[in-house]
Amino acid sequence: MARQASAVALRKLLNKSKPAIAMASHNPLSANLAAEAGFNAIWVSGFELSASYAVPDASLLPMSTHLEMTRSIAESLADKSFPLVVDVDTGFGNAINVAYIIPRFEAAGAAAVVIEDKHFPKDSSLRTNGRQVLVTIEEFQGKIAAAKAKSDSMLIIARTEALIAGLGQEEAQRRALAYVEAGADAILIHSKQLTPEEILSFCRSWPDEQVPLVLVPTSYPQLSFTDITALGKVGLIICGNHAIRASVASMRNVFGRILKDDGLAGVEEDIASVSEIFELQGDSAMRKLEKDYLR
């Protein structure tokens, strides 16, 4: 019931007149910080998870790693009823693989999964000169249909990489509409152009009566959430990799200062206190358990 409630909540959030905003996370701590900040949903990011393991975002981590992290994040947010939108890349294989993983991610706490139409193994969409080869429309329709058949209530978001692969607007629209026909609940359209014109053109051409679009404005951050809302086509905006990038920038700064200063005193005012970490760990709840049950 809790899983169904999460999916129902996410469906309501996909509002074209007021898009939901999801923050990327790669572990329970970053997810809880995103929830604390006030984001509407969590993007369980394959890019961020790969980066946290210091490996390329190229289908190197096994499905079990993605699944366990999804479960861990969901459990850590269980009392917050917070929807998780999970990046499952290409579905870890063909439609048979998709049929296998969907019930498991739903059981782990995903309110939605995003599946992309690239070949397995994939390459990162934003990688310069990356391998951006797409499967046929018919093959990806089979993946969507398999996902819908194996899900009780979870949303299936189809991600087309047609613009990333340089196939143009017409092919991107053709694929997106075919994926809706196969049962997709929303369409994620992605671009690595450094200005938003390509995405804006797609959004303006997307039929008003169709399912909501999902945008990840990583490459074109100058497109504000207000600008996206004004399009009237987008139901979800994903901040795709900002948790891991913020973590890397902060750690590099602090680590470098400690060595430069030959000590710890200089960074103390700029990092979280130990008591803040205890709070994020749920230390007070554990202390209550100790008081109630330890003899």
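## Strand E4 and its neighbours

In this predicted model, Val86 has Val113 of strand E4 as its bridge partner. The pair belongs to a parallel arrangement in which strand E3 (residues 84-87) and E4 are joined by 3 bridges. E3, helix H5 (residues 95-108) and E4 together make a right-handed β-α-β unit.

Val113 also stands opposite Ile156 in strand E5. E4 and E5 (residues 155-160) run parallel and are joined by 5 bridges. A right-handed β-α-β unit is made here too, by E4, helix H6 and E5.

## How E4 is covered

E4 is mostly covered, with 5 of its 5 residues buried. The cover applies to both faces of the strand. Ala112, Val114 and Glu116 are buried on one side, and Val113 and Ile115 are buried on the other.

Asp123 is found in the loop between strand E4 (112-116) and helix H6 (137-150). Is Asp123 buried or exposed? Asp123 counts as buried because its relative accessibility is 4%, and the cut-off for buried is under 20%. Leaving aside residues up to four places away in sequence, Asp123 touches Asp57, Lys118, Gly130, Arg131 and Gln132.

## Salt bridges

Side chains of opposite charge can pair when their charged atoms come close. The structure holds 18 salt bridges. One of them is formed by the side chains of Lys122 and Asp57, at 3.4 Å from N to O. Lys122 lies in the loop between E4 and H6, while Asp57 lies in the loop between helix H3 (46-52) and helix H4 (63-76), so this pair ties together parts that are 65 residues apart in sequence. Lys122 and Asp57 are both buried.

The side chains of Asp117 and Arg175 also meet in a salt bridge, at 3.4 Å from N to O. Asp117 is in the loop between E4 and H6 and Arg175 is in helix H7 (residues 168-181), so the pair ties together parts 58 residues apart in sequence. Asp117 is buried, with a relative accessible area of 0%, and Arg175 counts as buried at 6% relative accessibility.

Asp185 and Lys148 form another salt bridge through their side chains, at 3.0 Å from N to O. Asp185 lies in the loop between H7 and strand E6 (186-189), and Lys148 lies in helix H6, so the pair ties together parts that are 37 residues apart in sequence. Asp185 is buried, with a relative accessible area of 15%, whereas Lys148 counts as partly exposed at 29% relative accessibility.

Some salt bridges share partners and join several residues into one network. The residues in this network are Asp57, Asp89, Glu116, Lys118, Lys122, Arg159 and Glu161.

## A nonpolar surface patch

Which residues form a nonpolar patch on the surface? Leu29, Leu33, Ile277 and Leu280 do, with about 300 Å² of accessible area together. Helix H2 (28-37) and helix H11 (274-280) each supply at least two residues of the patch.

Leu33 lies in helix H2. Leu33 is partly exposed because its relative accessible area is 38%, and partly exposed covers the range between the buried limit of under 20% and the exposed limit of over 50%.

How values were computed. Residues numbered from 1 in each chain as written. Predicted model: local features only at pLDDT ≥ 70, side-chain atom pairs only at ≥ 80, totals over all residues. Heavy atoms only, no water. Helix = DSSP H or I, 4+ residues; strand = E, 2+ residues; numbered from the N terminus. Buried < 20%, exposed > 50% of the residue type's maximum accessible area, 1.4 Å probe, protein only. Contact = heavy atoms within 4.5 Å. Pairing = 2+ DSSP bridges. Right-handed = clockwise from strand over helix to strand, strands pointing away. Patch = residues over 30% accessible without salt bridge, like charges linked within 9 Å, V, L, I, M, F, W, Y side chains within 5 Å. Areas by Shrake-Rupley, 256 points an atom, 1.4 Å probe, with all protein chains shown as cover. Salt bridge = Lys/Arg side-chain N within 4 Å of Asp/Glu carboxyl O.
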